[in-house]
Amino acid sequence: MVLTDVAVPVPLRQSFTYRAPIKLQPGVRVLVPFGNRRLVGIVVGEASAVQASGKLKDIAEILDEHPVLNGTLLRLGLWLSQYYHHPVGEVLHTMLPVKLRQGVPCEPEPETCYRLNCELAEQRTALKRAHRQLACLEHLRDGAQNAVQLKASFSPAVINALLEKQLIVAFDKAVEPQDWQQNLNPNGQPVPDSEQALAITAINQSANRFAPFLLEGVTGSGKTEVYLQAIEPVLKSGKQVLILVPEIGLTPQTVNRFRNRFGIEVGVLHSQLSDSARLRVWQQAKDGELGIIIGTRSAIFTPLCRPGMLIVDEEHDESFKQQDGLRYHARDLAVRRAQAENLPLVLGSATPSLESLNNALTKRYGHLQLTRRAGGAQTTRQHILDIRDQPINYGLAEGMLTVMRQHLEQGNQVLVFVNRRGYAPALLCHHCGDTVTCQRCERPFTVHRAHQRLHCHHCGAVKPVPRQCGHCHSNELVTAGVGTEQLEQGLSRLFPNAPQVRIDSDSVRGKDKLDGILEAINQQKFQLLIGTQILSKGHHFPHVTLVVVVDCDGALFSADFRAAEKLAQLVTQLAGRAGRASKPGEMWLQTHNPQHPLLQDLVNNGYAHFARHGLLERQCSGLPPFQSQVAFRAEAIQAEQAYDFLCQVRSLTDGEAEVQRLGPMPSLLEKRQGRFRFILILQSGQRGPLHRLLHRCLPAVTALPLAARVRWSVDVDPTDF
Ligand code: ADP
Ligand code: ZN
Ligand code: ZN
């Protein structure tokens, strides 16, 4: 018997010791008894015999011959568990595709196929009355088909009937390993300009060693082209490339660009993939059958048998940070992984996060800059529109409408951005001023005209639009502010001849639908594009010449210290959608604060300048990236419980001189779904003391009686409050 440590998916910050019949390799899955359940655990190593062996249980079943997590990924998982102070079993489970968490075999299963087992001509008379069966036989006339394909066209009853009569037979086809290297055939690459060439050379000189780069390139400067040319020698040497992109950036256009350049299959991993499809890509990547894998956040866990390079595109994007469970940041993890596997890593963005920019400016990362747009396109001119005292139609000032009219008359496309979906962000009483609010979140309901409902965007509550004010019973209820629905309605009145499309998470559900709309936009089927954030992310709209931001005042006064950075990224990314080589573009920002220094800096000096200035400010005010933070969050139906819990946490963290503590204070969203939310921030100039402190006090925090009564979590390097 060998004592073995197993990480089990339970919310406990430890692994468990079991008895195994043989020595098991770390990273192998086993089925173990746990309480009165059986769980899929992962072997993390041999255990010391110090444990009281009498009480130890036996492993019930060994699920793998070879580890599902290789040495590097397993070590990365253990590091993750330490760094994010998250239960190790849950971390290792998060790293695996759902199917493997459930215990299905890791090796690809052979495909079941069907082929004809009869003379078709004879059956044409014999099966005259069984149309579907005959049709199925005809279907197999030209060769075998796999079960999935055949079942898409014929019911199980038909197939089973034919199997019983032995007119068709089933057989297993082994999954053929793909040899992408033979098909590798780079083609159609443009000559890089001098800045691109410099970047490509720098990256290529760093093959086979840990070398992180920040590729800071203005929108449309050819960053993707740099990725494409930088990975060519990597692929040619037989190594694999993993590319992370934001969820919304994973379009067929992106994938096709890589596929077409190299003529090889590209593995794609995103959240809407079925569990089996995800497992298949995972297996192929692990077995080295894919040269290029493109995926969203969790793709960072994809095993690579011959890793050659990591790329994180739009590295500033918020979607790389997981906001529940294991709250990891995929970009930060990419740095860690590149280090562990000795790989070059490229973080690319037109609007780098202040964290990455700081690492580049302090020379921890190589800094590659692309300052010009590719193909001679001009940068979008940005203007501020002072709308104080201006008459406003559907959120748009008279002067704004004039500019829009000009662009539309020239046959160009106009993009109108508003950060609210729905009809209006609030419904209020014209008589007493009372706002209709969600009781559970204490925030105004958003009015949705399409189905005459009020929606709470924080908890999802829905209710009919009331006729009367709940406070004074006046029946004069009016909407306040503008959302996408209202803009759509207004613009169709103001510009009846311009075909328009609204793009927000209400109108666009599902990836396919978005992809279809994006294509229709580029075929100029629409002239007015109205939408939310979705429009700002990475798409190229060659016919858009004007971008309008309806309102940027909200973000100027936010209590979140990252709000300015996020607004600057949003505005810059939006501006980047407009203006290609043949059509110069312009952008207008409507505001009541035209002199605001942030807006002035952004519009006159651009993101690069704004961001460097922003870093100085962060340094002066002692904020990340110059300080490390950890957030304790708690929420409860009774506010005192959440607050008291965090006060107790605060006293448990006493006595660490190098750690500053802020709070507990209410979260930015103070109440959600009927629960009051509080936050306690621990902050330090050094990570070391923070981690030591967490390590020391978490067991005591977990043991607090209130810990069982409130919902609480630890978030290392939090990005929202
Ligand atoms: P980014 O990723 O920075 O947005 P892309 O790589 O998509 O930029 O490039 C923008 C456009 O310019 C694309 O249509 C691309 O094909 C083109 N392009 C990029 N580099 C070059 C180059 N060196 N010569 C000509 N066209 C280029
Ligand atoms: Zn009222
Ligand atoms: Zn609500």
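Cys 441 counts as buried in this predicted model. The reason is its surroundings: 22 C-beta neighbours lie inside 10 Å, and 20 or more make a residue buried. Cys 441 sits in the loop between strand E22 (437–438) and strand E23 (443–444). Leaving aside residues up to four places away in sequence, Cys 441 touches Cys 456, His 458, Cys 459, Lys 671, Arg 672 and Gln 673.

Cys 456 has its place in another loop, between strand E25 (453–455) and strand E26 (462–464). Cys 456 has 20 C-beta neighbours inside 10 Å, so it too counts as buried. Its contacts, again without residues up to four places away in sequence, are Cys 438, Cys 441, Arg 443, Phe 445 and Ala 461.

An unreviewed UniProt entry lists Cys 438, Cys 441, Cys 456 and Cys 459 under "binding site". They span 22 residues in sequence, yet no two of their C-alpha atoms are more than 8.8 Å apart, so the four gather at one spot.

Now turn to ligand 1. There are 15 residues around ligand 1, and Pro 190, Gly 222, Lys 223, Thr 224 and Ala 374 come nearest. By type, the shell divides into 4 nonpolar, 8 polar and 3 charged residues. Helix H10 (residues 223–236) gives the most to this shell, with 3 residues.

Strand E1 (residues 2–7) runs antiparallel to strand E2 (residues 16–20), joined by 5 bridges. E1 is also joined to strand E4 (residues 37–46), by 4 bridges and again antiparallel. Thr 4 takes part in both pairings. Its bridge partner in E2 is Tyr 18, and in E4 its bridge partner is Glu 46.

Further along, the unreviewed UniProt entry lists residues 120–147 as "coiled-coil region". In the model, this stretch is 61% helix and 7% strand. The C-alpha atoms at its ends are 20 Å apart.

Last, the whole chain. Its secondary structure comes to 21 helices and 35 strands. The radius of gyration is 29 Å, close to the 27 Å that the globule rule gives for 721 residues, so the chain is as compact as a globular protein of that length. Along the principal axes, the C-alpha atoms fill a box of roughly 80 × 75 × 65 Å. Buried residues make up 43% of the 721 residues. Of the contacts with a separation of 6 or more, 74% join residues 24 or more positions apart.

Notes:
Residues numbered from 1 in each chain as written. Chains lettered and ligands numbered in written order. Predicted model: local features only at pLDDT ≥ 70, side-chain atom pairs only at ≥ 80, totals over all residues. UniProt positions renumbered as here; feature names shortened; annotations may be inferred. Helix = DSSP H or I, 4+ residues; strand = E, 2+ residues; numbered from the N terminus. Near = placed C-beta within 6 Å. Nonpolar A, V, L, I, M, F, W, Y, C, P; charged D, E, K, R; others polar. Rg over C-alpha atoms; globule rule 2.2 N^0.38 Å. Buried ≥ 20, exposed ≤ 12 C-beta atoms within 10 Å, placed from the backbone. Contact = placed C-beta atoms within 7 Å. Pairing = 2+ DSSP bridges.
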